[in-house]
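I opened the model to look up a helix, a sheet and a chain interface, and I noted each in turn.

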Amino acid sequence: MRIFKLKKEYLFPFLESISEGADLWAPTKKPEGKHSFQIIKDFSQIDLDYTRTILPPRKIFLPPSFNMFKATEKKYEADFSHVTEKIIFGLHPCDIHAILIMDQFYKHHYNDPYYIEARNNTLILGHSCWPDEHCLCKSAGTDIIEEGYDLFFSELEKEYLVWIGSSKGDDLIRRKPDFFDENITDKDIQKYIEWREEKDKAFSVSIDFKNMPDLMELKYQDPLWEKLGQACLACGSCSNVCPTCNCYNINDKPFLTENASHISRCWDACTLESYSEVAGGENFREARSLRLKLYYTHKLQAYISKYGKPACVGCGRCIETCPVDINIKTVAQSLDNETVDAFWDRFAKEVTK
Amino acid sequence: MKNDKLKIGFYELTGCAGDCLLVTDCEMELIDIFNAVDIQSFAMVMSNNTDGELDLALVEGSVTTEKEIEELKDIRKRAKAVVAFGTCAVLGGVQARFIDPKEWEKNLKIVYGNTEFTHTKPVQSKPIDAFIDVDFYLPGCPVSKEQFLNFFTRILKGNPPEHYPNPVCVTCKYNENDCLLKKGELCLGPLTADGCGSICPNHNIPCNGCWGPVEGANVTSEFYLLKEKGFSVDEIKKKMANFSGTKITDYFQQLDKEPK
Amino acid sequence: MKTITIEHLTRVEGNGGISATIDGKVVTDVKFNIFEGPRLIERLTVGRTPEEDVSISPRICAICTLSHKNAVLRAIENALSVKVSPKVYYSREMMHMGEMIESHSLHTFILALADYLGYPNAIAMAANYGFEVKIGLEMKNFGNHIMKTYSGRFIHGENPIIGGFGKFPSREELIWIKNRAQQFMPFVFKAVKLFCELDYPTIPESDTLYACCEPGNNKYGFWGEEILLSTGEKFKRDDYKSFNNEFVVSHSYAKRSRYNGKPFSVGALARVNVLGERLEGNAGEMYKKYFNEHWKKNPLYHNAAQALEIMYCFERIPQLADILLGYEENPPVISYTTKNGAGTGLVEAPRGLLVHHHEIEDGLVKYVDIITPTAMNCEDIERYCHIAAQELLDKGKEEEIKARMDLIVRAFDPCISCSAHAAQVEQAQQEAWKDRLTEITTQTAPVFIGVGNDERSDDRIGLKLASVLKESGMANVFLESDIQADTALQERAQDRPIIFIDAVNFGERAGKITMFPVEYILNNAALSHKFIPFLSGQIHNEQIKNSFVLGIQPQSTDFGQNISPQVLDAMDKIIDHLKN
């Protein structure tokens, strides 16, 4: 693996040179303060001083809603209009790990052409980060990234260490060879190591994901799930903000004049009531507690059993989002018999008083 | 020539006429809509309306006079399917916020004094399903263009209408809004049926519940959550009742059963 | 008796109807009915927060939603002493331009034009007038776009809030709106030419009083702090009640208003009449070119006035865009701490003056008073319909009454849901006067006044009848001569209907009895009678609207003392009826 040094002032000129003919996506700050990946029209929009975006980067490959087909009486025409040349800049390691999980699912387990096409036309440019009180990547083992990116930018004081992760990444560097310096000094290495050590100490919470599959099985009938179900607003947000959730629904959108229809695909969430409803109106998981169990079984048990790692990358989005504090941290802590500070727990005590 | 187009009627009871107006707001689709079906009645845009048999009647507004009850029953008799078109028809609308009949009578008197109305007697605002069977509900204050067009084209193509079972939060997250409830605002997003495109939170304004309650809304939990955030019981109940009319009573009763 | 009823006024936004009743040669009754049920809008937000009030009150009406929004915001911000920044002020004006264009283009091209071109609706009209329909729909679409951009959605947008906006549109959006408005100008000229040169019928024509907001600075505009009348009188916003007296009529849930007891008109035509001289640019040129005497007295010119206002808006939008582009920063929402106050907001909705008065006590809404333009226009709509119906009847064009009343009502562009669909013409029943008399006398004991000339045969009948009633011991019966002497009539008649008994020449068979509101005399040249001066001198305007004429067709009013037998017969019938 080759590593170069890039002066900070060269960053935007470099991005400009490589993003010609492609959509450059990067984190931007919304007026209300939170961040979001957006297509960049002006480099001043980019804000790298961010911890996490509201929606995960999977929205860039598979938007919340897009058309899969135009169906007429005679044929289906596949619609790949969501596929364009893209560069995503500024992805944190947890989000790149999440893309690898999406790859596992959509490229290896099932071949989803809509994902594969979008993914194959996208370059991944990662960026280093600093944890906040919700970050669980160290626990999830996703704080370090070794694959899944084309370039990775580690921020030092005045420069970046730029790690080349693929031959495509190498091609990018060659467009502006003058910007990149191969001469990495001992001092640079020292700075990087110190930064790594500092970052390691900055995590305030940890979860033992290894124990989770057993605890999920052992506590499958635990009253905990009733408590969670009682408070859950069934808003689907935990799924929508999760970078590894991949469920979707399909709908016909008929045209007004032409005898044709769009077949559209939109994100679905197992925590929503309609998710487990089948033809005839039967619902397998009408109770919110059952739906939450499904969600956490997927995140904490099934995936670990199959792939040896959790389907949680510790990005902290569910922790930041759920209004009633049902999230990977409080659920895992609770499974582990730790005390939790969560609305759902206070609510359970309130209503059973 | 045999006319096999669907016979459709748009009707307005008491409301702001916003749902019918919204149909005219489909400017680019309006001529296609009129050509696709045989519109028998649409008082806002046509003068040659007829009162015959219908395949589909879209009824906007709530029932607030005895005459409207008669009109509504007549529409039901003539139409194979009736759609409650907009929040007023679905839930009674903002004018159904007096849950207690005595409250309503008192306020009627404040507005109109002792006038004995000669044309028709007023009744407390009620959704249309208080008087007739309704085949489909299309809430919204007013209904959304997308939901109306989707409903209309599906019916036109012989498909069952699509249901919108999710709360506003789903679209709100798609739109990457910062959660206003989490920020401590009195947002009714999790309790409210989706369809508006989370338009208020998109503008940093908390959801006021104008689509009415979503199926399976966890009112109790949100109620306690809002209380914990410092809102008074009165404030929360009032805001929840603004659009959901007498139907919110069921929820309140459910709440009152909960221990203190 | 025959009633022409337009059971559902079509092509107006809302639910209502107009009916005219014809008794032989007299139109005895015109009623503008609003079938909308009572919504108690003014009571819905009592006890709610000012924010909930701003959200709910505009739901009174879909098409004027943003006028109501601007009015409630102005009222509440006045009440709570919230002063918004210029960017907010001009953004609200831009938003209002969107609603004006949306509403006016819908009304002129899509709803009204079909009448003049003889089609049941705009879609049917599109087959031959595709271009006009397309312009109308494109303009409407543009107006809607502005409304959506600023308010959040087409109808009942929630983005405008107390102290500012939830979110401001981007600069790109503003530049797009400006450019698009400029692209529309050639079509705007076509619209003005089309609607100002339409062949408007000359029935009805009658002077009226016009009212609108005074925008200030000698400018045209859609809001202000004062109400300005065509007479030049002005009323401060908080004095709106002294201009506008609201009352309830039993045939409608829409409240009504009069000024000094007289109907008046608001809307585009009122604004052009009162403020037209102030129009600048192309709109000013077009005003000079087209404005004439008809515009001052013919309500059908509302459509022409609306077209002129469309031009004003399209010229104002680029100016507003430039102003707004000058403010780089988006001002934060102004927070307030005031918990008590009362405030009034005056706004010109597309269909006329709109008054919102809101009072806040301990942080919650205590009282709301909303007077909508259609409520103000109700009385003049009825008056103009009566004039048209009577004139057409006199000219033997009874079959045209229904369509003409439709045209008049639609010209006022009533947004019926905000107060109150179509015309009805009916023949009165045999002896319809009996029912009406019964209806009035069973509610409150009326005051009867016998009117006539004691020296002119059948014209003596009013005096004679009154004398007989008086002698039989009935209270509150007077002769014309008593009144002139009795200054206490005003007090006695207070709140009671006054019934004038008189010989009235309708050109009917002798002895026919007809009963109708006294005001119709004012609208009917053929019926004008000597007691018009008497009316204006003795009876307060407020009382006129509650007064009737019980008229008997005379055989002769030549000098002499004999009353013809048919007329005496009629007198007996009235006496019998009153005794029962």
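I worked from a predicted model, in which local features need pLDDT of at least 70 and side-chain atom pairs count only at pLDDT 80 or more, while totals for chains, interfaces and linings use all residues. Residues are numbered from 1 along each chain as its sequence is written, and chains are lettered from A and ligands numbered from 1 in the order in which they are written.

I took helices (H or I, at least four residues) and strands (E, at least two) as DSSP runs numbered from the N terminus.

**Sheet in chain C.** I traced an open sheet of four strands, ordered β9-β8-β6-β12, with mixed pairing (two strands pair if DSSP finds at least two bridges between them). β9 (234-236) and β12 (264-265) of chain C each have a single partner strand, so one side of each is left without a neighbour in the sheet. Strand β8 (residues 226-229) of chain C runs antiparallel to β9(C) and is joined to it by three bridges, and C:E226 stands opposite C:K236 in β9(C).

**Chains C and B.** I noted 51 residues of chain C in contact with 52 residues of chain B (C-beta atoms, placed from the backbone, within 7 Å). α6(C) gives the most to the side of chain C that touches chain B, with four residues.

Methods:
Contact = placed C-beta atoms within 7 Å.
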